[in-house]
Amino acid sequence: MDAQVTEVADFLAAHAPFRELPRPLLSALVSSASIRYARRGTRILSVGESSRVMFVLRSGAVDITDSEGVLVERSDVGTSFGMSTLVERAPSRYDFTAIEDSLLLVVPEPSFRDLCQSDPGFESFYTSAHAARLRRAVGQLHLADRGGAVLRTTLGDLLRRPPVGAAPTTSIREAAQVMAREHVSAILVLEDGHLVGVVTDRDLRSRVLAAGRDPAEPLATVMTPDPETARSDALAFEALMAMVDRNIHHLPVLDVAGQVLGLVSSTDLMRLEHNNPVYLVADIAGAQDVGVLVELASRIPVIVEQLVAEDASARDIGRVVTSLGDAIERRLLTLAETELGPPPVAYCWVVLGSQARHEQGLASDQDNALVLSDEVTSEQDHYFAQLAERVSSGLEACGYPRCPGEVMATNPRWRVSVSTWRSHFAHWLETPEPEAVLNGSIFFDMRPLRGDHRLVEELRAPVLAATGQADLFLAYLARHAVSRRPPLGFFRGLVLEKEGEHRDSLDLKSGGVAAIVELARVHALLHGLPEVGSQARIAAATHAGSLSPGLGAELADALEFVSYLRLRHQGRQVRMGQEPDNFVDPGQLTDFERRHLRDAFRIVRSAQQALGQRLPLDTLS
Amino acid sequence: MRWRRGSADRDRPVTELDLLAVDLETTGLDPSRHEVLSVGMVPVHGLSIALGGARGYAVRPAGPGGVGESAAVHGITDDTAAGARSLSEVLPVVLAALEGRVLLAHHARIETGFLDAACRGHGVALPDLVVVDTVRLQRRVLRRGRSHAQVADQELGLAAARRHLGLPRYRSHDALTDALACAELYLAQVAALAGDGTMTLRQLQ
């Protein structure tokens, strides 16, 4: 028996990436390695020094600090460090200091390179950027397409047959005969393959029979011209939302090039599998009073938990939760209008913040406002005050707490005409004060929910045209985005904030989701981009060159990863009968999750640094 | 033939010292009656343990007594011992490995005693070994900063000594693991005793 030092091999096999190495490779690694001891306070490697080895911490603890002495990471037992000098073939950018008496396993460069060559997993663990690692992690979280089918159902998936169509010159009778033969309740009116209108059973009843029209007349005379359409890649539940909202029952589906693929009806959408958010949306839309809405809203946490269990992505879940919130708010508006009578002037009810971004979670406050037509008089405001109060108290009953900062349409300040809104925005952009900018930033995430959307467009276009030049405003916004420091990582079951600071719970919001959301907002406003959702903003900012493609992709993955963990955490809390929050016990995270969270935090920090270099944050008082 | 005293320069600094940590598992403590069951060796170059040079050998007992009661301590059964090499095969390997190196052991009298007996038994000249004992070093580590110089025996065991210096606990206790444990202990002891300066071989003895 010529035994190997199994203790060392066993130790390595308990930690990534050695865990995945085949035993012969692990043995070869152990044979090439040596062991050193560093007494507390010993500098193991210094900035600017070249090292031909990688270290694995066998026992003790090692602090990694940058050239300015700022703690970057604290190495725990089983972690590797110093490999960047091997990977980058450059002098060390960090100081490595034993902060406890430490045993170090020293892996020489040739052995490191051999392993990288023979084991792709080993190589990518060290050489791929955090981004690539995180991307794989996101993929592993959402293993394949287990479940989540309902959410991912697109309109294209619902199309069962090619479109049934007729030319505009076809007689009404002929078209009706085609509909009867094909058993369809609507027919598409096509000219040279392009959609020009739609005619439904109801149109035949009301526009032909009831109107006494001659069935020999051309179809074009009774069609609904230029109907609402949707792209085949749109999510089914969002399409249903839109149809319910606009009271339409048939929706022509087009491909990316605008070619007609077919038609879906609200019945098709309802036929989606049972126990899914689509049903809930439909029930919400039909609720006759607030009591029914409250009951329906209580099912939302259950749906979130179910979606997490089905491995839906955080982005999809955010959209579903938001859609349900939207549906409740719309219904409350309808109920209020039914009671109060029609509005005296045109209005647009807008949602703000996470709801506007389609990123609502389970712990979201209500954030809304009213944009009123400029014709509004002070007497007419009474109507809107009542409308806002009804919606707000309804939302509160449904589990959406009132906004502590009073960012609600019940606040007269946020219930004003388009012109007044314009001057609000102008004030934030032109004569910014740090506090006002922070409080105002939520209004830059604005989405019309109900009413005359044109009012919001009138407001938004000039605002977006101006944000890119509002240097001081952007600088304040950026400074705040950069000030949300993500934790460094984890150390012995605690969250490592910075030197000397450990916490026993991890705030997934402040240094995670919120930090990325704010970064995305700054980049969007820097370029006057109309996107509101954070992922959409990151994509658009990357396209506009504001974020490098690498960093953009990294940030998108970081947002998805942290958001997913947050939703899962909130889903669990709800199941256990607790109020959902953003604080996770690091002990409940797996080794895998902790490692990738650390990558996500690094990405946030590098995105913050990149932004800090672009905007002159230092010059701010 | 007398053993070459390669590392016997007692002013040599520890950073340049070549050592071989050796641990023997035996059937008992008396070299005249008991037998060697396994040998573990781990080379130390200066202040670095070279894992590639680590070797462990099971040794087949020559006498009729077999492993006996000692199996309870080291877990070596008669079956494993029967498949092992004879001491006459292993001894030259150990002696060759020790050439030019200081013998490092925890409670080295056991190792030197059994090696001595083995050499006599096989008609090999006993090497003139230079020895560093981690028990002695541990006594010094423990005495520092203590007003009373008493050190209890139970503080000097390998596991207790390692625990005192914050070294990880090992699950298995075969000769090879113990040799490695001894080598790591040595590194920690040197670091603890040297302070900022560098020690010489003389200061280790």
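## Nonpolar cores

The largest nonpolar core has 71 residues, and those that touch the most other members are A:V371, A:W421, A:F425, A:F443, A:F473 and A:L597. Helix α23 of chain A, residues 509–526, gives the most to this core, with 10 residues. A second, separate core of 64 residues includes A:V30, A:M54, B:A161 and B:A191. A nonpolar core here is a set of buried Ala, Val, Leu, Ile, Met, Phe, Trp, Tyr and Cys residues joined through side-chain atoms within 4.5 Å. Buried means under 20% relative accessible area, exposed means over 50%, and partly exposed lies in between (1.4 Å probe, protein chains only). In soluble globular proteins, nonpolar side chains tend to be buried together.

Leaving aside neighbours within four places in sequence, A:F473 is in contact (heavy atoms within 4.5 Å) with A:W428, A:L429, A:P432, A:V437, A:F444 and A:L525.

## Basis of the model

This is a predicted model, in which local features need pLDDT of at least 70 and side-chain atom pairs count only at pLDDT 80 or more, while totals for chains, interfaces and linings use all residues. Residues are numbered from 1 along each chain as its sequence is written, chains are lettered from A and ligands numbered from 1 in the order in which they are written, and side-chain values use heavy atoms, with hydrogens and water left out.

## Interface between chains A and B

In the interface, 21 residues of chain A are in contact with 27 residues of chain B. The two chains bury about 2,000 Å² between them, 57% of it on carbon and sulfur atoms. In chain A, A:E7, A:I35 and A:Y37 lose the most area to chain B, together 31% of what that side buries. Buried area is the accessible area (1.4 Å probe) that two parts lose on being put together, summed over both.

Between chain A and chain B the count is one salt bridge (a side-chain nitrogen of Lys or Arg within 4 Å of a carboxyl oxygen of Asp or Glu). B:R171 forms a salt bridge with A:D10, with the closest N and O atoms 3.6 Å apart. On the side of chain A that touches chain B, the elements giving two or more residues are α1 (6–13), α2 (23–32), β1 (34–38), β3 (53–59) and β8 (102–108). Of these, β1(A) gives the most, with four residues.

## Annotated domains of chain A

UniProt lists "domain: Cyclic nucleotide-binding" (unreviewed entry) for residues 17–115 of chain A. This span is 22% helix and 37% strand, and its end C-alpha atoms lie 11 Å apart. Helices (H or I, at least four residues) and strands (E, at least two) are DSSP runs, numbered from the N terminus. A:P17 is in the loop between α1 and α2 of chain A, and the peptide bond from A:A16 to A:P17 is cis, with omega near 0 degrees.

The UniProt annotation "domain: CBS" (unreviewed entry) covers residues 159–215 and 223–280 of chain A. Over residues 159–215 the chain is 35% helix and 26% strand, with the end C-alpha atoms 30 Å apart. UniProt positions are given in the numbering used here, feature names are shortened, and annotations may be inferred rather than shown by experiment.

## Individual residues in chain A

A:D326 lies in helix α16, residues 314–340, and is buried, with a relative accessible area of 3%. The side chain of A:D326 makes a polar contact with the side chain of A:R447 at 2.9 Å. Leaving aside neighbours within four places in sequence, A:D326 is in contact with A:M241, A:Q355, A:H358, A:R447 and A:L449. A:H358 is in the loop between α17 (353–356) and β17 (368–372). Its phi is near 60 degrees, a positive value in a residue other than glycine. A:H358 counts as partly exposed, at 25% relative accessibility.

A:R454, in helix α21 (residues 453–467), is exposed, with a relative accessible area of 56%. A:R454 and A:Y347 are 107 residues apart in sequence and 9.5 Å apart in space, C-alpha to C-alpha.

## Chain B

Chain B has eight helices and seven strands. Of its 205 residues, 51% count as buried. B:H107 lies in the loop between β6 (102–105) and α4 (108–121) of chain B, and its phi is near 65 degrees, a positive value in a residue other than glycine. At 41% relative accessibility, B:H107 counts as partly exposed.

Terms used
A polar contact is a pair of N or O atoms within 3.5 Å; within protein, one must be able to donate a hydrogen and the other to accept it, and residues adjacent in sequence count only if both atoms are side-chain atoms.
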